[in-house]
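Subject: Two-chain model, interfaces

Hello,

Here is the model I said I would pass on. My notes on its interfaces follow below it.

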Amino acid sequence: MSEHELRVSKIRDGTVIDHVEAGQALNVLAILGIDGAEGFGVSVGMNVPSDRLGRKDIVKVEDRELSQSEVDVLSLIAPEATINIVRDFEVVEKNRVTRPEGVTGVLSCPNRNCITNADEPIETRFDVVADGVRCDYCATILRSDIAEHIDV
Amino acid sequence: MRQDHLITATQLSRDDIEAVLDRARAVADDPAAYADRHAGRVLALCFFEPSTRTRMSFDSAAKRLGMNTIDMGDVDSSSVSKGESLSDTVRVIEGYADALVLRHPSEGAATLAGERVDVPVVNAGDGAGQHPSQTLLDLHTIREDHGLDDLTIGIMGDLKYGRTVHSLAAALTEFDANQHFISPESLRLPRSVRFDLHETGAQIREHEELDPIIDELDVLYVTRIQKERFPDENEYHRVAGEYRIDAETLDAAADDLTVMHPLPRVDEIAPDVDDTDHARYFEQAHNGIPVRMALLDTLLENANPDGDEGTEVDR
């Protein structure tokens, strides 16, 4: 316990994204558009021992709540994640992510010849399919490489 | 068919396809009955990529329905060369025409156009994506020869980038068709097309050689392997040579095998095949007229449900 707290300290207000698949913490930050310049306090734990996952990542962001589209994409790269809203050091809300039917405007299409990569005034839109997502425009399927195409 | 646009063959049900093909047959039987059906209406031909037969085929089909056509002209001389987006271009042209035929080098372009305008949009080819009006005329050709059920078809050539292949394979899943795909390893069906075929439970098999299965086929659909798909010209010549057919290749085929090609061909079908009873590619191209007339008629009817067509036609 104390070792855990040494790694990732508690926050007063903000969001704790727990049970993130090990190795995905930096992609979670990418989805949230956080690179440190915003001034939020950010703590990242990587490869933390976990009963449920073996190893997991944890991301804590102070003074920041997640939008639905952020949660939607998060669910694709971290399907086991739990999202804890913290106020005054207490967890006031705890939610598991759920797979959405689609994601809009967050991923870029890996097909360079897709119309969404052609300088059009257009938001990308992906349907969630069996084991990945699929571009609504060119039908290209993205599977394990989703995190590489986060465009925020 | 209750559709606003024709963007991809995957949107078409068996009923949609049969309705258009039935209408195409009626058009072919009595073209005069359709001659003034859409008089006063205008079709816009928007080709962002070179095209001869598709553009002329739609132009001819529209005029045979009594329509006028307006043509964007070559991309080099249009506003596109000034940097205008496709979204803006189609929104402007929407005000000039009652329907829009679009060919564009980017996959998904027709989907975007369909979202931006209210008049019917026909996808006449979007990059390596789809070419559904070609599929309708392909199906019409197959249906006239063999019917569309209990069919064994071989689709050969560039299956990766061939948009006519992607559309045809998708549409055939609506029928009882065994599909064989014959191509070099590097030009196999793309993942997205394969995904759709598996989703529908379609019976498909993939091969690198035609010979072992040619005698099983009712239809052989040949497509062009393009030089630009290969980094090395020698490799192109080697591969293209392996997927070339001539009259001798067809000795092993069933007597009633139908050989098709979306055209233009380069040398993947030798000219000596033209003189055999198998060759159907020129009729196939000609079928573009009644099929595209039927398609435009259907889409315009859907877009104008109150029906102000001048001629009553028994359908």
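**Between the domains of chain A**

Domain 1 of chain A and domain 2 of chain A bury about 570 Å² between them, with carbon and sulfur atoms giving 83% of that area (buried area is the accessible area, 1.4 Å probe, that two parts lose on being put together, summed over both). On the side of domain 1 of chain A, the residues that lose the most area to domain 2 of chain A are V73(A), L76(A) and I77(A), together 64% of what that side buries.

This is a predicted model, in which local features need pLDDT of at least 70 and side-chain atom pairs count only at pLDDT 80 or more, while totals for chains, interfaces and linings use all residues. Residues are numbered from 1 along each chain as its sequence is written, chains are lettered from A and ligands numbered from 1 in the order in which they are written, and side-chain values use heavy atoms, with hydrogens and water left out.

Domain 1 of chain A covers 14–96 and domain 2 covers 102–149; the bounds come from an automatic or database domain assignment. Their centres, taken over C-alpha atoms, are separated by 23 Å. The contact (heavy atoms within 4.5 Å) takes 7 residues from domain 1 of chain A and 8 residues from domain 2 of chain A.

Across this interface there are 0 salt bridges (a side-chain nitrogen of Lys or Arg within 4 Å of a carboxyl oxygen of Asp or Glu). Helix 3 (residues 68–77) of chain A gives the largest share of the domain 1 side, 5 residues (helices are DSSP runs of H or I, at least four residues, and strands runs of E, at least two, numbered from the N terminus).

**Between the chains**

Chain B and chain A each put 18 residues into their contact. The area buried there is about 1400 Å², of which carbon and sulfur atoms give 47%. E107(B), R191(B) and F195(B) supply 41% of the area that chain B buries against chain A, more than any other three residues.

The interface has 2 salt bridges. D196(B) and R134(A) meet in a salt bridge through their side chains, at 2.8 Å, N to O. There are 12 residue pairs in polar contact between chain B and chain A. Helix 4 of chain B gives the largest share of the chain B side, 5 residues.

N111(A) is in the loop between strand 6 (102–104) and strand 7 (125–129) of chain A. N111(A) counts as buried because its relative accessibility is 15% (buried means under 20% relative accessible area, exposed over 50%, partly exposed in between; 1.4 Å probe, protein chains only). Leaving aside neighbours within four places in sequence, N111(A) is in contact with N117(A), C138(A), T140(A) and E107(B).

**Between the domains of chain B**

Domain 1 of chain B is 9–131 + 287–303, and domain 2 is 132–285. Their C-alpha centres lie 25 Å apart. The area buried between these domains is about 2600 Å², with 56% from carbon and sulfur atoms. The count of salt bridges between them is 4. R143(B) forms a salt bridge with D22(B), with the closest N and O atoms 2.7 Å apart.

Regards

Conventions
A polar contact is a pair of N or O atoms within 3.5 Å; within protein, one must be able to donate a hydrogen and the other to accept it, and residues adjacent in sequence count only if both atoms are side-chain atoms.
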